[in-house]
Amino acid sequence: MRLEFCWFCSSKIYPGHGIQFVRNDAKIFRFCRSKCHKNFKMKRNPRKVKWTKAYRRLHGKDMTKERKRNRPERYDRNVMENTLKAIKKIDKIRHDRAADHIAQRWKPKAAKERREARKELEQSISLIKAPLAIQSQEPAITVPKIKVKAPKQQTVEDQLMEE
Amino acid sequence: MAQYDFKKITVVPTGNDLIDIVLSRTQRQTPTVIHKGNAISRVRQFYMRKVKFTETNFTDKLSKTIEDFPRVEDIHPFYGDLLHVLYNKDHYKLALGQLNTARNLIKRIREDYVKLLKYGDSLYRCKSLKRAALGRMCTVTKRIGPSLAYLEHVRQHMARLPSINTGAPTILICGCPNVGKSSFLNKITRADVEVQPYAFTTKSLFVGHTDYKYLRYQVIDTPGLLDRPLEDRNIIEMCSVTALVNLHAAILFFLDLSGSCGYSISQQAALFHSIKMMFRNNPVLIVCNKTDLQTLEGLSGEDLKLVMEMKSAALDVLLTMSTITDEGVMAVKNAACQRLLDQRSERKMKSKKMPTVLNRFHVAMPKPRDQKERPVCIPQAVLEARAEEAAHEERKTEKDIENENGGAGVYSASLRKHYILADDDWKLDILPEFLDGHNVYDFIDPDILQRVEELEREESAVEEDGGDFEIEDEDFTAEAEKDLQEIRKRKKLLIQKHRIKKSTAESRPTVPRKFDKDRKFTTERMGRQLSSLGIDPSRAIERARSRSVSRKGRKRERSVGGDGEDEMEIDGGLDNKKKLRLRSRSIEGFKDSAQKMKAVTMARNATKKRNKDARRGEADRVIPTLRPKHLFSGKRSIGKTDRR
């Protein structure tokens with residue numbers, strides 16, 4: 001018994017699910033459900049279909065999978081024990097890393113949103129406050145300041161040294 | 001001298017069947033279409049063909065039958081007599097004769113009608129002639145129906161006659177009923193004849209074959225004979241008599257010493273003497289059967305004398321046997337075969353061909369050189385190998401283990417016991433296949449713990465590092481937040497309103513603002529909006545009110561009344577002409593301004609209601625019912641209904 005991966009969407013196929021298609025050149029295509037099977041029959045490229053793992057990895061949305069080794073090993077009970085223990089840990093690490101990856105992707109959004117909000121505030125303030133009112137109330141509205149981490153100031157000596 | 005095969009006779013159809021066969025053939029194999037418009041010669045030809053064809057078929061079939069059946073005179077007398085006995089020669093001949101007559105009659109009919117057809121003058125006449133001809137032929141055939149049935153019966157029986165080769169060496173078994181003839185046949189040949197305690201179990205001739213000295217002998221079993229004059233004999237006995245008389249064979253006359261067949265020895269002896277005549281030149285052997293019940297020695301004096309008499313008549317050949325105990329059976333057979341063989345070779349010797357044959361070959365025996373003995377010689381190695389083979393132990397195979405433990409379905413071989421592992425305890429381990437949705441096999445690695453440690457170290461390192469350096473912004477103040485929310489809300493509302501306006505633009509008439517149906521455009525509203533923007537509205541409201549039409553009045557009025565100070569002032573002084581023109585233009589069609597006022601008021605009142613209602617009309621591009629029933633239900637008289 002092996003858990004296979006769907007050729008189209010790369011999800012796990014548990015026993016008792018899905019369809020396997022064997023082509024005349026003896027290549028086996030496994031599908032997890034009829035959705036993937038039908039997409040395959042329509043000759044769609046999974047790398048272009050948005051919801052598949054293939055697309056997501058290709059476009060950097062998800063973490064890429066590491067290659068698996070295919071060397072058969074002689075059975076050793078101790079190795080088996082260790083493997084079983086390790087699987088859990090590896091699973092957790094993988095999970096965390098994938099979450100990290102996605103979080104990284106989302107980071108720039110926050111900054112972007114803030115910038116856009118600021119601009120909006122500047123431009124569309126006239127919808128809620130008339131310019132006369134603003135002029136009279138100027139000190140009340142403050143556009144928030146932007147702080148940028150400045151590079152270290154070159155000392156005079158450094159500058160001289162450069163020259 | 002030949003082997004007769006009566007199975008090759010073709011099936012004889014019954015009268016009606018024959019008619020059907022021939023007529024249907026005629027219908028199928030001759031052309032069927034003719035019109036009375038065709039030339040008369042064609043018509044004649046058409047019908048003549050049919051008559052000829054029918055006659056040919058009848059003749060063929062009858063001739064075949066006549067030729068297939070054997071002529072009693074022409075075949076071996078044994079078969080001739082047999083046929084006579086079974087079927088009555090006369091009846092047989094008569095039947096065949098009738099067939100012959102019928103054949104000739106049909107021929108005659110055909111000749112006559114063909115002659116008549118030559119002069120047929122119309123289609124109808126020709127057709128009638130053909131019908132008559134065919135009808136007569138069929139009548140003839142119907143008349144010979146019973147003969148055909150009899151011949152078919154004969155044929156079926158003949159096909160089942162035993163095929164006796166009249167030229168081969170034969171042994172004939174005869175005697176009283178129930179003496180043990182059929183059992184003897186069963187013993188020496190592969191025939192499986194019925195053996196029963198009642199008389200006349202065997203009702204016809206049976207043939208078996210046996211071998212002796214590389215020669216094949218026929219053994220014929222006959223039905224039992226009773227001591228009667230020839231005229232009184234029934235068909236079954238006649239069969240055996242025929243065989244006795246006509247076949248050249250060694251005759252085994254069976255005697256039952258015990259009398260358990262139901263006939264005493266004297267009766268049997270009487271029978272023997274009565275059929276003695278039929279033996280002629282054939283070698284005869286007296287065989288005493290059932291010695292297990294009564295031996296020859298134990299016979300009474302009278303019986304013994306009778307037996308001895310028979311023996312002397314049979315050239316002193318007497319044998320004893322018992323078919324049940326198999327005692328002497330082979331001896332009898334060998335004796336009979338030998339007698340026959342001797343007779344045959346004697347005859348051959350006496351014939352003229354013999355010397356020529358004898359002269360042709362000569363058997364040479366090599367003379368021994370010396371008296372030395374020369375035995376068989378086998379090399380030592382071969383002997384040793386043979387001894388080893390014999391002493392070789394059988395290795396226990398998996399198959400043997402399987403058989404021991406219950407066979408293929410019960411025992412399944414353990415494939416694991418030959419595994420080569422570091423520790424033999426592990427041979428029977430159950431291997432897990434997957435855990436938590438992962439294939440265990442994909443993770444097996446002797447160094448897996450190491451790798452896991454590395455990974456964990458990496459992870460912890462990354463955590464310590466913390467996040468990347470970000471460009472930090474100050475968050476908005478609470479007020480700024482609030483303003484932002486307001487802005488967004490306002491924008492949403494605008495968009496919503498616009499959307500409503502857009503969607504209803506086509507279906508609603510745009511009422512100009514000045515009619516103000518809902519009383520939206522009031523100064524209070526303006527004041528509220530301005531104050532929400534943070535401006536003091538009082539001045540704006542004042543100005544708006546002062547400039548309103550109701551307060552100020554109409555332009556035209558002012559100009560008519562000449563009170564239009566503003567306009568007038570701006571323009572400067574007006575010419576008289578202008579004044580005149582203005583005046584006349586403004587009260588065109590009316591007597592005076594009062595009348596005009598009234599008219600204007602009336603017009604305004606009339607349109608007021610309509611505008612206020614602002615109802616939709618046909619011109620407003622409205623679909624009064626979006627889904628009319630007549631389009632969305634019911635079958636169509638023409639066309640498809642898969643789209644609505």
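Author: Helices and strands here are DSSP runs, a helix having at least four residues and a strand at least two. The model is predicted.

Reader: Among contacts in chain B between residues at least 6 apart in sequence, what share joins residues at least 24 apart?

Author: A contact means heavy atoms within 4.5 Å. Of the chain B contacts between residues at least 6 apart in sequence, the share that joins residues at least 24 apart is 69%.

Reader: Why is strand β5 of chain B largely enclosed by the rest of the structure?

Author: In a regular strand the side chains alternate between the two faces of the sheet. V284(B), I286(B) and C288(B) point one way from β5(B), L285(B), V287(B) and N289(B) point the other way, and all are buried. Strand β5, residues 284-289 of chain B, is largely enclosed because its buried residues number 6 of the 6.

Reader: Which residue stands opposite I286(B) in β5(B)?

Author: Strand β4 of chain B, residues 250-256, pairs with β5(B) in the parallel sense. The pairing runs over 6 bridges. Opposite I286(B) stands F253(B).

Reader: Does I34(B) count as buried or exposed?

Author: I34(B) lies in the loop between α1 (15-29) and α2 (40-68) of chain B. Leaving aside neighbours within four places in sequence, its contacts are R42(B), V43(B), F46(B), Y47(B) and L123(B). The cut-off for buried is under 20% relative accessible area. I34(B) has 17% relative accessibility, so it counts as buried.

Reader: What separates the C-alpha atoms of I34(B) and F46(B)?

Author: F46(B) is among the residues in contact with I34(B). The two are 12 residues apart along the chain, and their C-alpha atoms are separated by 7.7 Å.

Reader: How much accessible area do the residues of the nonpolar patch that includes M349(B) have together?

Author: M349(B) is found in helix α11 of chain B, residues 329-350. With V357(B), L358(B), F361(B), V363(B) and M365(B), M349(B) forms a nonpolar patch on the surface. Together their accessible area is about 660 Å².

Note on methods. Residues are numbered from 1 along each chain as its sequence is written. Chains are lettered from A and ligands numbered from 1 in the order in which they are written. This is a predicted model: local features need pLDDT of at least 70, side-chain atom pairs count only at pLDDT 80 or more; totals for chains, interfaces and linings use all residues. Side-chain values use heavy atoms; hydrogens and water are left out. Patches are made of residues with over 30% relative accessible area and no salt bridge: like charges are joined within 9 Å, nonpolar side chains (Val, Leu, Ile, Met, Phe, Trp, Tyr) within 5 Å. Accessible areas come from the Shrake-Rupley method with a 1.4 Å probe; for residues, only the protein chains shown count as cover. A salt bridge is a side-chain nitrogen of Lys or Arg within 4 Å of a carboxyl oxygen of Asp or Glu. Buried means under 20% relative accessible area, exposed over 50%, partly exposed in between (1.4 Å probe, protein chains only). Two strands pair if DSSP finds at least two bridges between them.
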